[in-house]
Amino acid sequence: MNNTMQRIASASLATAALTAAVVPATALAASASTAPKASALQQAADRLVKDGQPGVIALSRRGDKVTHVTAGYANTATHQKMTPDLRFRIASVSKTFTAAIVLQLVAEHKLSLDDTVARRLPGVLTRNGNDGRKITVRQLLAQTSGLNEYVQDPRIWQNPGRVWKPRELVDIAQEKAPLSKPGAKWNYANTNYVLAGMIVEKVTGHPFGVELQRRIVKPLKLRHTFLPVADTGFHGSYVHGYFGQYGDVSTMISPSSGWASGGIVSTVDDVARFQRALVTGKLLPARVQKAMMTTRPVTDDWVKENYGLGLARIKTSCGFAWGHDGGWPGYRTWSYTSPDGKRQAVITYNQSDPGLEAKPAFRADITKAIDAALCR
């Protein structure tokens with residue numbers, strides 16, 4: 001089990017590198033807002049299954065028209081087909097939810113982006129040169145804190161069902177010295193968003209999951225979105241996630257190891273509804289929205305994008321789009337929304353296979369699927 005979980009961890013990290021920017025890098029003029037051809041999107045989803053993915057769900061929006069296509073299986077053992085209503089682990093797409101909650105608190109003057117971690121969480125970051133007095137909330141959300149990642153640590157995967165406390169995850173990360181001075185460099189680390197979730201709890205006095213429900217889920221009527229902690233289940237029909245020869249790992253790993261950074265369960269429709277409301281300014285006032293969408297150019301492995309506060313701007317064949325990607329053992333998701341909310345794409349599939357995702361042909365097919373959902 002130990003080696004299995006470590007390899008799953010490696011796969012998750014590898015898949016996380018395939019970010020939103022796998023779409024074409026050259027922005028072209030947006031085409032007319034007509035309903036996408038379901039056949040093109042269906043062909044793109046079918047191609048991903050032919051490449052080796054068990055199943056695919058794709059959502060596409062053109063104005064008020066929403067199209068869903070599916071391909072392959074949600075459960076290979078029972079031959080349950082993929083359907084658009086199934087729940088799955090959205091992984092790091094959770095970061096955008098967390099950032100939105102933090103920024104709502106900023107809008108309410110309960111928190112400042114320039115507050116330090118030490119002010120809100122005194123005594124939490126004090127080891128091996130990790131200094132909470134020098135790291136701001138803004139730097140956490142922007143992935144510029146310099147903090148290390150905890151995900152690669154073998155202890156996370158030696159007991160996959162263990163329920164982790166957020167402080168324990170942060171303590172693993174600060175066993176190492178910082179990677180850089182706060183604000184100096186961009187370095188993607190789940191640690192940043194675990195700390196952001198802890199700050200939400202400290203400021204509000206409520207569990208993070210309660211604030212997620214109160215501020216995002218209930219107002220937007222996201223009926224299939226929740227943040228489990230101890231429970232590895234899905235509370236309804238779900239997509240089974242696979243990891244190569246190890247098979248179905250969908251309920252093996254405690255979501256507490258992702259928590260506010262990557263633990264949310266949702267559906268393609270709920271993700272699209274949330275992202276559309278956020279991008280079009282329905283969740284945040286203008287001044288805070290501007291802070292969220294103030295970006296810096298970054299390179300995540302080979303991928304270039306512009307990262308803001310839990311939201312990335314990428315170029316597509318029909319213009320700019322905002323979103324985030326996510327990778328969890330057995331699950332991979334891309335979600336994008338045009339600035340006016342009239343175009344959306346949410347694509348998810350259910351196998352972690354770093355070997356497959358390293359193949360140029362597979363990346364090209366992902367690009368085609370994104371383009372078919374968002375632009376064609």
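Predicted model: local features only at pLDDT ≥ 70, side-chain atom pairs only at ≥ 80, totals over all residues.
## Helix α3 against helix α8

Let's start with a helix pair: α3 (residues 94-107) and α8 (residues 190-204) pack with their axes 10 Å apart and at an angle of about 40 degrees. That angle makes α3 oblique to α8, and the crossing of α3 past α8 is left-handed. On the α3 side, the contact is made by Lys95, Thr98, Ala99, Ile101, Val102 and Leu105, while α8 brings Asn190, Tyr193, Ala196, Gly197, Val200, Val203 and Thr204. Sorted by class, the residues of this contact are eight nonpolar, four polar and one charged.

An α-helix has 3.6 residues a turn, so residues three or four places apart point the same way.

## Helix α7 against helix α8

Helix α8 has another partner in α7 (residues 166-173), and here the angle is about 145 degrees, with the axes 10 Å apart. The crossing of α7 past α8 is left-handed. Pro166, Arg167, Leu169, Val170 and Ala173 of α7 meet Thr191, Val194, Leu195 and Met198 of α8. This contact of α7 with α8 counts seven nonpolar residues, one polar and one charged.

## A closer look at α8

How far does α8 reach from its first C-alpha to its last? The span is 22 Å for 15 residues, close to the 21 Å expected at 1.5 Å a residue. Helix α8 is mostly covered, with 12 of its 15 residues buried. The buried set runs through Asn190, Thr191, Asn192, Tyr193, Val194, Leu195, Ala196, Gly197, Met198, Ile199 and Val200, and also takes in Thr204.

After α8 comes Gly205, which has a positive phi near 80 degrees.

## Helix α14 and Asp365

Helix α14 covers residues 360-374. Its end C-alpha atoms are 21 Å apart, which agrees with the 21 Å that 15 residues should span at 1.5 Å a residue. Buried in α14 are Phe362, Asp365, Ile366, Thr367, Ala369, Ile370, Asp371, Ala372, Ala373 and Leu374.

Is Asp365 buried or exposed? With a relative accessibility of 7%, Asp365 counts as buried, because the cut-off for that class is under 20%. Setting aside neighbours within four places in sequence, Asp365 is in contact with Arg47, Leu48 and Asp51.

Now for some backbone angles. Most residues other than glycine have a negative phi. Which value does Lys221 take? Lys221 is not a glycine, yet its phi is positive, about 55 degrees. This lysine sits in the loop between α9 (208-220) and α10 (259-262), and Lys221 counts as exposed at 51% relative accessibility.

His235 is found in the loop between α9 and α10 as well. The phi of His235 is also positive, near 60 degrees, in a residue other than glycine. With a relative accessible area of 54%, His235 is exposed.

## Gly123 in the loop between α4 and α5

Our last stop is Gly123, in the loop between α4 (117-120) and α5 (137-142). At 45% relative accessibility, Gly123 counts as partly exposed. How many residues separate Gly123 from Arg133 in sequence, and what is the distance in space? They are 10 residues apart in sequence and 9.5 Å apart from C-alpha to C-alpha.

Terms used. Residues numbered from 1 in each chain as written. Heavy atoms only, no water. Axes fitted to C-alpha atoms, helices over the stretch in contact; angles between N-to-C directions. Helix = DSSP H or I, 4+ residues; strand = E, 2+ residues; numbered from the N terminus. Parallel < 35°, antiparallel > 145°, perpendicular 65-115°, else oblique. Left-handed = near helix turned anticlockwise from the far one by under 90°. Contact = heavy atoms within 4.5 Å. Nonpolar A, V, L, I, M, F, W, Y, C, P; charged D, E, K, R; others polar. Expected span 1.5 Å × (residues − 1). Buried < 20%, exposed > 50% of the residue type's maximum accessible area, 1.4 Å probe, protein only.
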